[in-house]
Amino acid sequence: HPHIVIAVDGPAAAGKGTLSRRLAEHYGLRHLDTGLTYRATAKALLDRGLPLDDEDVAAETARALDLSGLDRSVLSAHEIGEAASKVAVMPKVRRALVEAQREFARIEPGAVLDGRDIGTVVCPDALIKFYVTASPEVRARRRYQEIISQGGSAELPAILADLEKRDARDAGRADSPLKPAADALMIDTSDQGIEEAFETAMSIIEKAL
Ligand code: C5P
């Protein structure tokens, strides 16, 4: 069994996290949600009352991060996502986190990494690259239902506006902007469920193995 790396990129709430987890389970690979590395960096700064706009302080915080202790349940807050996309524009922060992500990808038997720049920057030699998208409306509705099902309250128009703002920041930044790699395979989850997307992805992987 050769070393396998699968890259999964796309905007927020497109379904890439669930798809990546399913693929990792199915193929016995390790999984890294790289968004958590940016979120954990932002949370560490917020918790310590440190500024979000000091690149050297943020990069130092990123370098000290322990990838094995990342837990989405303590990093899922909306404010943390916002703060994450702010520290994610800083090249020194990205360099520190990308290095740790590449190290994760090198460990046997291989890994599925999901994020914004996996196919373009972190693992340009990945065996397979997926770019998972869905319309902003569909993604906002998914995020909305997720919050409501967890007993929270939310308003759809505000969620849509936030998603579009974060997409614009992620796609508009100079360093490693959100965009499909030239050799990425597109999976649009606007009209298909995660199960269907998983089947599509699997049939593509089977052909490449
Ligand atoms: O995917 P998630 O919402 O957890 O990511 C939070 C933020 O981290 C994104 O909005 C993006 O700015 C940043 N990020 C990134 N590169 C990655 C993963 C996430 O810039 N590979």
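Start with helices α2 and α6: α2 crosses α6 in a right-handed sense (right-handed if the near helix is turned clockwise from the far one by less than a right angle, left-handed if anticlockwise; helices are DSSP runs of H or I, at least four residues, numbered from the N terminus). The model is predicted: local features need pLDDT of at least 70 and side-chain atom pairs pLDDT 80 or more, while totals for chains, interfaces and linings use all residues. Residues are numbered from 1 along each chain as its sequence is written, and side-chain values use heavy atoms, without hydrogens and water.

Select residues 35–47 (α2) and 91–106 (α6): their axes are 10 Å apart, at an angle of about 130 degrees (axes are lines fitted to C-alpha atoms over the stretch in contact, with angles from 0 to 180 degrees between N-to-C directions). The pair is therefore oblique (under 35 degrees is roughly parallel, over 145 roughly antiparallel, 65 to 115 roughly perpendicular, the rest oblique). Show Thr37, Tyr38 and Thr41 of α2 against Val93, Arg94, Leu97, Val98 and Gln101 of α6, which make the contact (heavy atoms within 4.5 Å).

Next, select residues 136–149 (α8) and 156–172 (α9), whose axes come within 9 Å and cross at roughly 120 degrees. That angle makes α8 oblique to α9, and their crossing is right-handed. Among the residues that meet here are Tyr144 and Ile147 in α8 and Leu160 and Arg166 in α9.

Finally, select the ligand. It is surrounded by 15 residues, with Arg39, Arg94, Asp117, Arg166 and Asp170 the closest (a heavy atom within 4 Å). The side chain of Arg166 has an N or O atom 2.7 Å from a ligand oxygen.

How values were computed. Helices (H or I, at least four residues) and strands (E, at least two) are DSSP runs, numbered from the N terminus. A polar contact is a pair of N or O atoms within 3.5 Å; within protein, one must be able to donate a hydrogen and the other to accept it, and residues adjacent in sequence count only if both atoms are side-chain atoms.
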